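Please consult the sequence and the structure while reading.

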Amino acid sequence: MSIVVTGAGGALGRLVIEELLKRAAPGDIVAVARDRAKTAGLAALGVGIKIADYGRPETLEGVFAAGDRVLLISGNEAGQRLTQHRDVIDAAREAGVGLLAYTSVLGGPTATFSIAEEHIATEQALLASGVPYCLLRNGWYHENYTGALAGTLRAGAVIGSAGEGRVASAARRDYAEAAAVVLTGAGHENSVYELSGDTAWSMAEYAAEVSRQTGRRIPYRDLPQERYVALMVEAGVPALGAQLVADADAGIARGELAATPGDLSRLIGRPTTPIAESIADALKRLTA
């Protein structure tokens, strides 16, 4: 039996592997990625490496074995994810895995923004498969915002379309740690966790914190959804991606990413990372 992390070459996957190495022997961990270069260094630590691509179902053959505990990290190809996720679920079912955890979206079937649609459909496919499951319904990452700090500082404003809506985000590492806890712990079969930060904040509050830490006046500019999409496209964001981001902001305005049920902090046994801490870390990297 192994602990298998798919999408291990991505930002979340790498952090999950790091957290697993604190809790399990390297030889019990398998990192699955489509690009071997992105797993550089893991093999030297004793982690198993398997190469597979969500978009090529034939590469999933032999990736899983009976009793494995698997993390399916959601794909990043909008419009293709449901088919890809189903292929992974089918491969896991055929292998007889002991647990399949999936990184879904906060609120699950109650979420109405477009990004949630493929997550909701994947949840339904996983439940219908009969595979023991754990739904890790991740809220937004701090990094969704702090990763754009350079652009924010250039623009002199935080720009969005979320109105006065609040976001209960947490650091990506917080979510990675929760996944590692589930994969190495007992009693998580057929469970659902609503994962979010301990504190919800508004875009105006985020802008105020950036202002405080930089000593600059950085306001929040709330735009109509269409204008926000146009600005992102002008900045080089693909049109579909821009539409999805703006639509998610509309979901934030409706309160769909503000829930603070506490599941994340209970799983990791500590408070979630404050947004101010992640802002400070991002600013340090920008000035390093």
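## A strand pair

In this predicted model, Arg-69 stands opposite Leu-99 in β5. The two strands concerned, β4 (residues 69–72) and β5 (residues 99–105), are paired in the parallel sense over 4 bridges.

## The sheet

Strands of a sheet pair through backbone hydrogen bonds, and the pairing may be parallel or antiparallel. Here, 7 strands make up an open sheet with parallel pairing, in the order β3-β2-β1-β4-β5-β6-β9. Because β3 (48–51) and β9 (191–195) stand at the edges and each has a single partner strand, one side of each is left without a neighbour in the sheet. On average, with direction ignored, neighbouring strands of this sheet are turned by 20° against each other.

## Helices across the sheet

Helix α1 lies across β1 (3–5), β2 (29–33), β4, β5 and β6 (133–138), and runs at about 160° to β1. Helix α6 lies across β1, β4, β5, β6 and β9; its direction is at about 155° to β4.

## The second largest pocket

The second largest pocket holds about 220 Å³ of space. At least two lining residues come from each of α1 (11–20), α4 (143–146), α6 (172–184) and α11 (275–287). The largest share, 4 residues, is supplied by α11.

Which kinds of residue form the lining of this pocket? The lining divides into 3 nonpolar, 3 polar and 6 charged residues. Among the lining residues are Ala-11, Leu-15, Glu-143, Arg-172, Arg-173, Glu-277, Asp-281 and Arg-285.

How values were computed: Residues numbered from 1 in each chain as written. Predicted model: local features only at pLDDT ≥ 70, side-chain atom pairs only at ≥ 80, totals over all residues. Heavy atoms only, no water. 1 Å grid on protein atoms, 1.4 Å probe; cavity = no way out; pocket = protein on both sides within 12 Å on 5 of 7 lines; lining within 4 Å. Points joined across faces, edges and corners; volume = space filled by probe spheres on them. Nonpolar A, V, L, I, M, F, W, Y, C, P; charged D, E, K, R; others polar. Pairing = 2+ DSSP bridges. Axes fitted to C-alpha atoms, helices over the stretch in contact; angles between N-to-C directions. Contact = heavy atoms within 4.5 Å.
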